[in-house]
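I opened a new structure today and kept short notes. Here is what I looked up, in order.

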Amino acid sequence: MAASIFRNAGQILLPVKFAISRRLCLASQSPPQLHGFSNLDSLVSAVITAVTSCASISNCRSIHCKVMKSLSFSHGFIGDQLVSAYLRLGFTKDACNMFDELPDRDLVSWNSFISGFSRRGDLSNCLNAFSAMKLETGVEANEGTIVPLISACTETRALDIGTYIHGFILKFGMLLELRIANVLINMYGKSGYLDGASGLFEAIPIPNLVSWNSIIAVHVQTGKPEEGIGYFIRSRRAGIKPDQATLITTLEACEELGSAKLAEAIHGFLFITGLDSNLTLATGLLSLYSKLGSLVASQKVFSHIRNPDSIAWTAMLASYGVHGKGKEAVKTFNLMVKEGVAPDHVTFTHLLNACSHAGLLKEGRAGLLSDAYKLIISMPMKPNSGVWGALMGACKKHNNIELGKEAFDNMLALEPLDSRNYLSLSNMYSSAGLRKESSEVRGLMKKRSVIRIPGSSCIEHGKRIHRFVSGDRSHPLEEEISKKLEELVKKVRGSGAWARTEFVLQDVDDEEVREDMINKHSEKLAIGREIIIRDKKRFHHFSNGSCSCRDYW
């Protein structure tokens with residue numbers, strides 16, 4: 001495929017003609033005035049500024065006309081700048097015509113041309129330009145040529161063409177150039193070929209910070225957080241000083257692993273190096289602690305942030321919300337406004353969710369479903385799935401099936417393949433005793449090939465993360481765990497508590513089977529000590545026999 005593209009690329013290039021009529025120039029909006037300058041350098045500088053800040057095609061064409069009258073395209077690479085501007089604005093034909101008119105196209109011109117297509121994710125024209133450069137001019141490619149080509153392959157997930165270019169790189173001995181090796185690592189990693197990415201990384205004699213960041217990121221972002229953490233540890237042993245990008249990715253790995261101890265270790269590192277004062281990292285850290293169930297740690301991190309911005313305030317508000325602390329979320333919102341920090345639609349979404357999770361009537365309008373619906377449809381921004389999800393949760397609580405179905409339809413329009421939307425509707429039907437409708441929703445999931453990712457629970461013990469799925473028997477201590485669970489269930493029954501089988505969503509008639517499904521769930525209530533567990537949307541803090549959500553959910 002790639003070879004065919006290269007062979008025919010010369011024929012694919014757009015025609016070599018350029019004509020901008022006087023009528024077009026006169027009709028376009030007037031660009032910044034280009035007369036009255038004391039010397040050529042100041043004029044060229046003004047034109048370049050005008051081109052790089054140009055926001056419309058009419059202005060770009062007007063400047064183009066002025067340059068044709070008063071300057072040479074070679075002055076300050078103005079011609080290259082115009083080509084880039086046309087590509088940035090999405091006018092490929094104008095860009096190609098402009099490029100063909102450049103009198104002295106050198107390697108810089110070609111690289112700029114290829115980079116313009118790469119930034120737009122236009123791999124086909126990237127290859128066309130590269131082929132034309134090689135076949136028509138004989139100009140030798142360098143790092144500035146190859147990097148945007150590989151980046152375009154990464155953006156379009158064109159691993160086959162990227163592999164072809166990799167062969168070209170090997171043939172001309174360019175793999176030792178660090179920037180090229182780094183973009184190849186990124187390409188292979190994001191395409192899911194982690195062995196290829198790792199092999200390239202290990203072949204680099206002295207990896208730089210970008211190399212380490214790339215290899216860490218591709219492992220974390222492709223579901224290999226443990227390997228990502230392993231590379232982070234290696235980078236520290238190699239004496240590499242991490243930057244913000246390194247640590248943000250490492251925090252993501254901690255979240256994926258669900259390791260509070262590892263998060264505390266990263267926190268300690270940030271404190272020792274002084275990076276805990278970095279607003280982006282501090283915000284990421286407080287969000288991480290919240291997602292790991294440690295609201296107290298989130299509060300401590302937030303309390304040490306100087307001059308938190310809207311993102312930090314919203315992150316703290318969201319942390320309270322997901323832990324069922326609706327009143328604290330409202331208080332945080334009021335403090336945010338008092339401090340003069342403007343909330344945005346993300347802030348309001350989290351605030352509504354917080355009120356919904358905590359069952360707050362006055363603050364979040366729970367129960368006043370008609371008013372809540374009117375509020376949502378009158379929002380100045382388009383409501384996202386979180387807003388509709390909050391409404392649907394309230395509809396389930398107050399048994400408003402009709403409005404809940406409308407909320408579901410809106411969620412489905414935004415996220416048609418998210419299994420949680422279907423399960424929310426099925427749950428609502430089941431809670432209302434509409435088991436036939438609940439089964440139909442699950443049938444619709446199957447028909448549309450919507451995959452349900454099973455929920456899991458994990459516990460950190462003995463420097464290991466133990467993860468469980470409902471009914472899972474794969475754990476090496478499964479027999480001992482089952483016996484202990486049976487003992488706990490007997491104690492719970494002995495205290496007078498019984499399983500509420502009406503919340504079993506599956507269409508099962510046998511009451512004993514339904515109760516067993518609840519008893520074998522991945523999360524269980526613990527008596528006598530505080531325990532923090534999470535469902536799909538929020539944390540529940542159990543202490544002294546009661547839950548932080550006040551049994552609202």
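**The nonpolar cores**

I began with the largest nonpolar core, which has 101 residues. Phe-113, Ile-146, Ile-165 and Ile-215 touch the most other members there. I kept in mind that this is a predicted model.

I then picked Ile-146 and listed its contacts, leaving out residues up to four places away in sequence. Ile-146 touches Phe-130, Ala-141, Ile-165, Phe-168, Ile-169, Met-174 and Ile-180.

Another core lies apart from the largest one. I noted 23 residues in this other core, including Val-387, Trp-388, Met-392 and Leu-423.

**Gly-404**

Next I looked up Gly-404, in helix H25, residues 401-414. Is Gly-404 buried or exposed? Gly-404 counts as buried because its relative accessibility is 0%, and the cut-off for buried is under 20%.

I checked contacts beyond four places in sequence: Gly-404 touches Met-392, Cys-395 and Met-428.

**Ser-112**

My last entry is Ser-112, which I found in helix H7, residues 107-119. Its relative accessible area is 18%, so I wrote it down as buried. Which residues does Ser-112 touch, not counting those up to four places away in sequence? I noted Asp-80 and Ser-84.

Methods:
Residues numbered from 1 in each chain as written. Predicted model: local features only at pLDDT ≥ 70, side-chain atom pairs only at ≥ 80, totals over all residues. Heavy atoms only, no water. Helix = DSSP H or I, 4+ residues; strand = E, 2+ residues; numbered from the N terminus. Buried < 20%, exposed > 50% of the residue type's maximum accessible area, 1.4 Å probe, protein only. Contact = heavy atoms within 4.5 Å. Core = buried A, V, L, I, M, F, W, Y, C linked by side-chain atoms within 4.5 Å.
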